[in-house]
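Welcome, and thanks for taking a look at this one with us. Below is a short briefing to read alongside the sequence and the model.

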Amino acid sequence: MFKANYNDIKYQNGLDAYFFVRFNRMMVKILLPIWIISWIILLPVTSVGEDTGRTGLDRFTFGNISTDDQPRYAAHLVLAWLFTCECLFN
């Protein structure tokens, strides 16, 4: 699907398939970098620090950051701006 030619899809399958393939390509182009960057940066930022008593996947939530470590919220804010700009650019 990702290597197919747009014009071939349009002429053989119609506009529905053409726009479906374009939409899927656009979603991968937007969401894949967001997923990779957010996992590389945000998972360590939210999981390290003092023990808040959370276990499992709860260690990776926004609420795991204690109220004394509020500068770590800046990573979430900067990445939200970055991801918004990336979505608008694409």
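Leaving aside residues up to four places away in sequence, Ser38 is in touch with Leu43 and Phe83, where contact means heavy atoms within 4.5 Å. Please keep in mind that this is a predicted model, in which local features need pLDDT of at least 70 and side-chain atom pairs count only at pLDDT 80 or more, while totals for chains, interfaces and linings use all residues. Residues are numbered from 1 along each chain as its sequence is written, and side-chain values use heavy atoms, with hydrogens and water left out.

**More on Ser38**

- You will find Ser38 in helix H2; helices (H or I, at least four residues) and strands (E, at least two) are DSSP runs, numbered from the N terminus.
- Ser38 counts as buried because its relative accessibility is 16%, and the cut-offs are under 20% relative accessible area for buried, over 50% for exposed and partly exposed in between (1.4 Å probe, protein chains only).
- From Ser38 to Phe83 there are 45 residues in sequence, and their C-alpha atoms are 9.4 Å apart in space.

**Overall fold and dimensions**

- The protein contains three helices and zero strands, giving the pattern α-α-α when read along the sequence.
- How does the radius of gyration of the protein compare with that of a compact globule of 90 residues? The protein has 19 Å, whereas such a globule would have a value near 12 Å; the radius is taken over C-alpha atoms, and the globule rule is 2.2 Å times the number of residues to the power 0.38.
- Along the principal axes, the C-alpha atoms fill a box of roughly 60 × 25 × 15 Å.
- Of the contacts in the protein with a separation of 6 or more, 38% are between residues 24 or more positions apart.

**Surface and charge**

- Buried residues account for 23% of the 90 residues in the protein.
- The accessible surface of the protein is about 6,900 Å², and carbon and sulfur atoms hold 66% of that; these areas come from the Shrake-Rupley method with a 1.4 Å probe, and for residues only the protein chains shown count as cover.
- There are 8 positive and 8 negative side chains in the protein, with 14 Å between the centres of the two sets. Lys and Arg count as positive and Asp and Glu as negative, while His and the chain ends are not counted; each charge is placed at NZ of Lys, CZ of Arg, CG of Asp or CD of Glu.

**Aromatic rings**

- How many aromatic pairs does a search of the whole structure find? The search finds three.
- One of them is the edge-to-face pair of Tyr18 and Phe19, at 5.1 Å centre to centre and with 70 degrees between the planes. Rings of Phe, Tyr and Trp (its six-membered ring) pair if their centres lie within 6.5 Å, and planes under 30 degrees apart count as stacked, over 60 as edge-to-face and the rest as tilted.
- Tyr18 is buried, with a relative accessible area of 12%, whereas Phe19 is partly exposed at 48%.
- Tyr6, Tyr18 and Phe19 are linked into a cluster by ring pairs.

- Asn24 belongs to helix H2, which spans residues 15-47, and is buried at 18% relative accessible area.
- Not counting residues up to four places away in sequence, Asn24 touches Met1 and Phe2.
- Asn90 sits in the segment after helix H3 (73-89) and is partly exposed, with 32% relative accessibility.

**The loop between H2 and H3**

- Asp58 is found in the loop between H2 and H3, and is partly exposed because its relative accessible area is 44%.
- Asp58 and Ser47 are 11 residues apart in sequence, and their C-alpha atoms are 8.9 Å apart in space.
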